[in-house]
Amino acid sequence: MALSNPRHPSCIVLTRQPLPTLDRSKYASAEGVRKGAYVLADAPDGKKPEVLLLATGSEVSVCVDAYEKLKSEGIAARVVSMPSWDIFEAQDNAYKDAVLPPDVEARVCVEAAAEIGWDRYVGRFGAKVVMRTFGASAPWSDLKRKFGFTPEHVYDEAKKQIARVQKK
C-alpha cells in the first residue's frame, strides 16, 4: 500500500514492543488498510455496536483484548483499526459512516503517541486513552500500566462510555 501510490508520501512506522499476531480467521483481513480504517472485530450476529474502540497501530491489540472481554459479557463492541487517517478521510461518507456509525456515541480511542486529532473520531465526550505527557522512561510493561494502555483500562473506559450514553 505504501509503495503503490507514488504521488503521495508514505512512511512505515514500526514498534519496538512485541505484539501479538492477529488470527485473521477470527478477525477481519488486513485488506481494509487500503481504505485507511476498517472494522477489525465487530459485534456478533450483525448487532449494532454499543461502543467503538479505535486505534492506529500497536494499540490495536489492546483494543482487541478489551473487545474480547466486552464480548464475553454480551456487550456489542467494534474494534476499528485506523492506520491512516488521511486515506480514511479520502473515502466517501457512506464508507466512513459504515466504519464509524454516527449514531454510536460511545467511543474510546487508544493512542500512545498523542491525543491531537482524536476529537474528530470520538467527539467531545468520547474517551481518549492517550499520552498527555512527554519524557517518561521505563520498561514498556511499566509505562503501559502507568498510562492506562492496558485492556483492563480500555474495557473500563468502554463501560463508562456505554453508561454515559445510556444516561442521555
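Me: Let's begin with aspartate 45. Is it buried or exposed?
Reply: Aspartate 45 is exposed, because its relative accessible area is 82% and exposed means over 50% (buried is under 20%, partly exposed in between, with a 1.4 Å probe and protein chains only). This is a predicted model, where local features need pLDDT of at least 70, side-chain atom pairs count only at pLDDT 80 or more, and totals for chains, interfaces and linings use all residues. Residues are numbered from 1 along each chain as its sequence is written, and side-chain values use heavy atoms, with hydrogens and water left out.

Me: Where does aspartate 45 lie?
Reply: Aspartate 45 is in the loop between S1 and S2. Strands (E, at least two residues) and helices (H or I, at least four) are DSSP runs, numbered from the N terminus.

Me: And what is phi there, for aspartate 45?
Reply: Phi of aspartate 45 is near 55 degrees, which is a positive value in a residue other than glycine.

Me: OK, on to the sheet. In what order do the strands come?
Reply: The order is S1-S3-S2-S4-S5, five strands in an open sheet with mixed pairing. Two strands pair if DSSP finds at least two bridges between them.

Me: Which strands stand at the edges?
Reply: Strand S1 (38-41) and strand S5 (127-130) do; each has a single partner strand, so one side of each is left without a neighbour in the sheet. On average, neighbouring strands of this sheet are turned by 25 degrees against each other, direction ignored.

Me: How do the strands pair, parallel or antiparallel?
Reply: S1 pairs with strand S3 (residues 77-81) in the antiparallel sense over three bridges, and tyrosine 38 stands opposite serine 81 in S3. S2 and S3 pair in the parallel sense over five bridges, with valine 79 in S3 as the bridge partner of leucine 53. S2 and S4 are parallel over four bridges, and there leucine 52 has arginine 107 in S4 as its bridge partner. S4 and S5 are parallel over four bridges as well, with valine 108 opposite alanine 127 in S5.

Me: What's covered in S2 and S4?
Reply: S2 is mostly covered, with five of its five residues buried. Val51, Leu53 and Ala55 are on one side of S2, and Leu52 and Leu54 are on the other. S4 is mostly covered too, again with five of its five residues buried. In S4, Arg107, Cys109 and Glu111 are on one side and Val108 and Val110 on the other.

Me: Now helices. How do H1 and H6 cross?
Reply: The axes of H1 and H6 come within 8 Å and cross at roughly 60 degrees. Axes are lines fitted to C-alpha atoms, for helices over the stretch in contact, and angles run from 0 to 180 degrees between N-to-C directions. H1 and H6 are therefore oblique to each other; angles under 35 degrees count as roughly parallel, over 145 as roughly antiparallel, 65 to 115 as roughly perpendicular and the rest as oblique.

Me: Which residues make that contact between H1 and H6?
Reply: On H1 they are Val62, Asp65, Ala66, Lys69 and Leu70, and on H6 they are Pro151, Val154, Tyr155, Ala158 and Lys159. Contact means heavy atoms within 4.5 Å.

Me: What is tyrosine 67 in contact with?
Reply: Leaving aside neighbours within four places in sequence, tyrosine 67 is in contact with Tyr27, Ala41, Asp42, Leu53, Ala77, Arg78 and Val79. Tyrosine 67 and alanine 77 are ten residues apart in sequence and 6.1 Å apart in space, C-alpha to C-alpha.

Me: Last one: what about alanine 98?
Reply: Alanine 98 is found in helix H3 (residues 93-99). Alanine 98 is partly exposed, with a relative accessible area of 46%. From alanine 98 to tyrosine 38 there are 60 residues in sequence and 9.2 Å in space, C-alpha to C-alpha.
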